Amino acid sequence: MRIAFLLAVLAGGTYYTYVAFADLNFLTRTGRLGPGFFPRSIGVMIVLLTIWALSDALRQGRGDQADAGRWRDVVMLMALAVCYAVTLRVFGGFLATVIYLAVTLAVLNRGRPVQNALLSVIVPVVIYLLFDRVLNASMPPGLVDILPI
Amino acid sequence: MDVFGDLLMGLSIAITPINMLYLLIGAIVGMVVGVIPGFGPSAGLAILLPVTFGMDPTGAIMMLAAIYYGAMYGGTITSILLNTPGESATVASTFDGYPLAKKGRAGPALVMQAVASFVGGTVGVILITILAPMFSQVSRSFGPPEYFLLAMMGMLTLVVMIGTNWKLGLISALIGFALGTVGVDLETGQGRYTFGSAELIGGIYFIPVAIGLFGLGELFYSFYVGMHRSGSGGIVQYDKEASFWPSAEDFLTTRMTMVRGSILGFVVGVIPGAGATIASLMAYSTERSVSKAPEKFGTGEMAGLVAPETANNAASSGAMIPLLTLGIPGSASTAVLLAAFMLWGLRPGPLFMEQNPELAWGLIASMYLGNMILLVISIFAIPLFVQIIKVPYRILGPIVVVICTLGTFSVHASFIETYLMFAAGIIGFFMRLYGFSPAALVLALVLGPLAEEALRQTLTISRGSGMIFLERQASLWIIGVTIVLVIVLPLMSRYGRSSGTAEKAGT
Amino acid sequence: MFNINNTWLRNSLCATLVAAPVAFAAPTYAQEVYPSADETLDWTIAFGPGGGNDIMARTIIDILKKYELYPGDISPENRAGGSGAVGWGYLYGQSGNPYGISTTSGSFVTTPLQADTPWQPSDFTPVALLATDDLVLVVNGSSEIQNIEQFIAAANAGPMNIGGTGTVNVDFIVPTLFAEKAGFEFEYVSFNSMADQTTALLSDALDAMVGNPGEILGMIDSGDLRPLVYSGASVPAALEGVPTMGDLGYDIGVSMPRGLILAPEVPAAVQDWWIATMKKVVETPEWADYIKTNTLTPTVIYGEDFRTFLNNTKDGFEVVLRSVGAID
């Protein structure tokens with residue numbers, strides 16, 4: 001996984017550097033430092049350093065094999081967070097938060113349905129009151145307005 | 001000019017019951033706004049500016065100023081408890097603040113943070129009171145060459161951040177610089193890495209990246225190490241015996257840190273545009289270089305928290321100087337204050353303090369009182385905040401996700417930025433897992449554009465010659481201070497140390 | 001909690017609305033009478049705080065609030081960067097949203113000429129041109145240069161550094177045209193905001209800068225900045241004694257259009273509501289005060305005429321910028 005992450009950084013860095021050389025000028029037409037000066041320098045350094053770090057990682061081999069259980073929890077939490085991001089767009093800040101908390105707490109905090117239900121409602125209500133009523137800040141609006149708030 | 005006469009007159013204006021009430025409201029609102037990730041002082045001020053319409057200008061400006069520095073007090077609380085800085089000026093406070101909380105010293109860390117904020121804020125106001133005219137000279141001696149040098153000084157902190165694995169640390173910083181180049185180029189107006197997207201024209205905003213990398217990234221990592229399964233405990237197995245109050249040692253070891261942080265922070269804050277972020281970073285790296293045990297920084301050293309906290313609060317006071325003496329807003333927050341002045345028909349400029357002595361001195365006097373009020377509020381509120389880390393992680397985790405998400409959205413009401421925050425969270429987890437430095441990335445993202453713009457402006461002005469850095473007095477001063485901080489002070493403290501620790505520090 | 005609305009006034013305002021169906025409104029925005037008190041008006045300020053655009057936006061917002069001309073909340077946001085490309089790009093992305101609004105300045109015309117912006121000025125829904133303003137060339141108060149003749153002589157001896165906000169902007173066009181007519185050369189230094197460039201000038205990093213007089217009047221009054229020449233047709237009272245470029249025989253005839261625009265594809269009823277509202281705004285004493293203290297020329301044009309004005313200005317600027325080689 002470490003190697004995969006470094007390869008991803010290398011791919012991103014290479015693309016960044018390619019665009020810097022292809023689209024951005026090193027100097028402006030009046031001979032000043034152009035828009036490409038910094039991106040080209042940064043890009044080349046990222047690529048070189050990442051290759052170096054990659055060769056180190058390959059030499060060390062794949063030492064850090066974590067057990068599957070750890071990964072399962074993290075991946076699940078990430079997946080839930082991504083689902084939250086999607087429901088946010090659809091249902092709006094309030095409802096999405098209620099759903100997200102209800103589902104996530106049901107998974108993580110098993111066997112305490114009353115506590116979970118209370119938290120899933122109270123937390124969004126408190127945040128809504130604080131943001132929308134007191135601070136006059138915006139909560140994400142939904143594409144589907146189910147609740148009249 | 002009798003400074004104390006002016007100050008007494010200011011106090012007599014500030015201390016009326018109605019103005020004290022405004023001050024109290026401002027301080028509380030500022031703290032609440034500061035605690036929410038995403039809301040910084042400028043967002044808080046902009047949101048609450050309309051509330052002050054119809055109020056008398058003196059009371060209104062006192063309240064707005066209290067929101068401004070109150071947010072600086074509140075901003076650190078999540079940095080310490082959740083590793084989530086709400087704005088760039090409190091990034092440095094996570095470096096040692098969060099490790100302190102993990103060590104079970106959240107209570108003392110929060111109290112020391114409030115004390116440091118109070119000292120920084122109060123020293124700042126004292127310096128405004130007696131030295132405003134002198135410092136207005138400082139704020140008018142900074143041009144692009146000096147901003148470039150300042151940004152470079154801020155970047156020295158990166159060296160500290162990069163830590164043990166320099167290759168991965170440097171890659172992290174370079175990714176931050178790369179992200180900082182996204183957007184329309186200031187000089188030519190050409191789009192860089194915008195791919196025709198209107199959303200990217202403005203570049204990548206700092207707040208979602210910081211909240212994602214630190215807040216969510218840390219959260220995912222905690223789940224990876226299995227913190228949510230650790231029975232009833234919260235972020236740390238909070239020891240019931242552990243003292244809520246800082247020890248005498250905490251105060252003794254950090255008293256000089258507070259002095260250095262206050263002065264450094266104030267001076268940097270006086271410079272328009274440099275502000276609290278660079279001040280807090282410089283204070284952190286200074287403190288590390290004068291420390292007898294620099295290797296302890298980043299593992300929960302009290303001085304590592306106190307330094308940036310004193311500095312960012314002193315800087316927020318210092319930023320009032322260009323505003324009051326020149327009418328130049330040094331930061332997004334003071335710009336909102338400037339707009340407020342103008343809405344009341346006041347014309348900030350060099351003659352402002354002379355023409356509006358009641359308002360100017362009332363404001364200055366109110367800042368003394370405001371800092372005291374905030375210290376008291378903090379001390380009372382801290383026991384409540386400490387409860388947060390006693391909440392079991394399996395419950396706290398999802399709630400942190402919610403607060404980070406909604407806080408990020410509320411800043412610009414942007415879904416794109418909210419998604420960016422999630423992406424940064426996932427990337428932050430892998431960075432943390434594989435030994436990269438999220439802090440270096442975030443700092444490079446803040447400082448990179450500043451450095452690039454200032455360097456290109458400087459070279460245009462000097463027709464490409466680097467000699468300009470040696471020809472300007474202010475530049476020479478910065479170079480001199482940098483040499484002292486980076487070379488002289490570490491050498492001195494190294495000689496002062498016993499040889500055993502010195503060898504250890506070198507590894 | 002803080003929304004203090006006058007129900008009576010809101011009702012009477014709603015009554016003035018054309019009750020036409022809101023044809024283009026995106027599904028996110030409730031299809032009810034415009035403006036709804038529940039929707040926050042998202043006011044984009046395409047430049048940093050403290051600049052001319054910022055002051056104008058906040059003045060209008062202040063008037064709208066004071067006279068309760070707008071029923072809901074107004075949230076002004078500084079979305080600065082890329083000579084305005086950022087802020088107006090954001091507004092462009094709000095197509096069809098009747099609650100996205102922005103104030104314009106010269107960059108609204110010049111930025112799309114030079115940068116590859118996805119939007120053009122004519123894409124937006126025009127409300128009104130409210131004023132034009134002109135620039136003043138200033139040097140540091142401690143400078144040896146006392147007047148414009150000395151400035152031109154000094155500039156001929158060696159090129160000066162002149163600062164301004166943004167690159168392809170009236171801040172660049174005005175000194176460029178002036179230098180061309182007066183026969184001197186200079187280096188232009190682009191800054192993000194008026195605050196940055198003023199600091200740079202005070203630090204003597206720059207030799208001179210151009211800026212809106214309204215933003216630097218405090219420092220002109222105190223003698224910290226010395227005005228040399230004004231680009232407008234007549235000198236405002238606050239700058240008495242300063243020659244115009246026309247007085248010197250170098251008339252350039254370029255000024256910055258300050259107006260109000262909505263997001264693209266906004267229903268005509270919304271546009272009409274804003275035109276009617278702005279007609280009230282420009283009648284207020286606060287607006288007259290703003291025009292006076294900021295040394296603007298009140299030039300009011302509404303609706304589609306404003307779009308035509310923008311197109312004409314853009315064509316004019318294009319010719320200028322091409323002739324100096326700033327755009328290809």
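Analyst: Here is a short chat on one helix pair in chain B and one sheet in chain C. This is a predicted model, where local features need pLDDT of at least 70, side-chain atom pairs count only at pLDDT 80 or more, and totals for chains, interfaces and linings use all residues. Residues are numbered from 1 along each chain as written, and chains are lettered from A and ligands numbered from 1 in written order.

User: At what angle do α6 and α17 of chain B pack?
Analyst: About 175 degrees, with the axes of α6 (106-139) and α17 (357-388) 9 Å apart. Angles run from 0 to 180 degrees between N-to-C directions, with axes fitted to C-alpha atoms, for helices over the stretch in contact. Helices are DSSP runs (H or I, at least four residues) and strands too (E, at least two), numbered from the N terminus.

User: So parallel or antiparallel to each other?
Analyst: Roughly antiparallel, therefore; that label is for angles over 145 degrees.

User: Which residues in α6(B) meet α17(B)?
Analyst: Among them are L110(B), F118(B) and I128(B), while the α17(B) side includes M367(B), L374(B) and F385(B). Contact is C-beta atoms, placed from the backbone, within 7 Å.

User: Switching to chain C, what's the strand order in the open sheet?
Analyst: β2-β1-β3-β10-β4-β11, with mixed pairing. Strands pair if DSSP finds at least two bridges between them.

User: Which are the edge strands?
Analyst: β2 (74-78) and β11 (297-302) of chain C, each pairing on one side only.

User: How many bridges join β4 and β10 of chain C?
Analyst: Seven, in the antiparallel sense. One of the bridge pairs is A128(C) with L260(C).

Key. Angles under 35 degrees count as roughly parallel, over 145 as roughly antiparallel, 65 to 115 as roughly perpendicular and the rest as oblique. Two residues are in contact if their C-beta atoms, placed from the backbone, lie within 7 Å.
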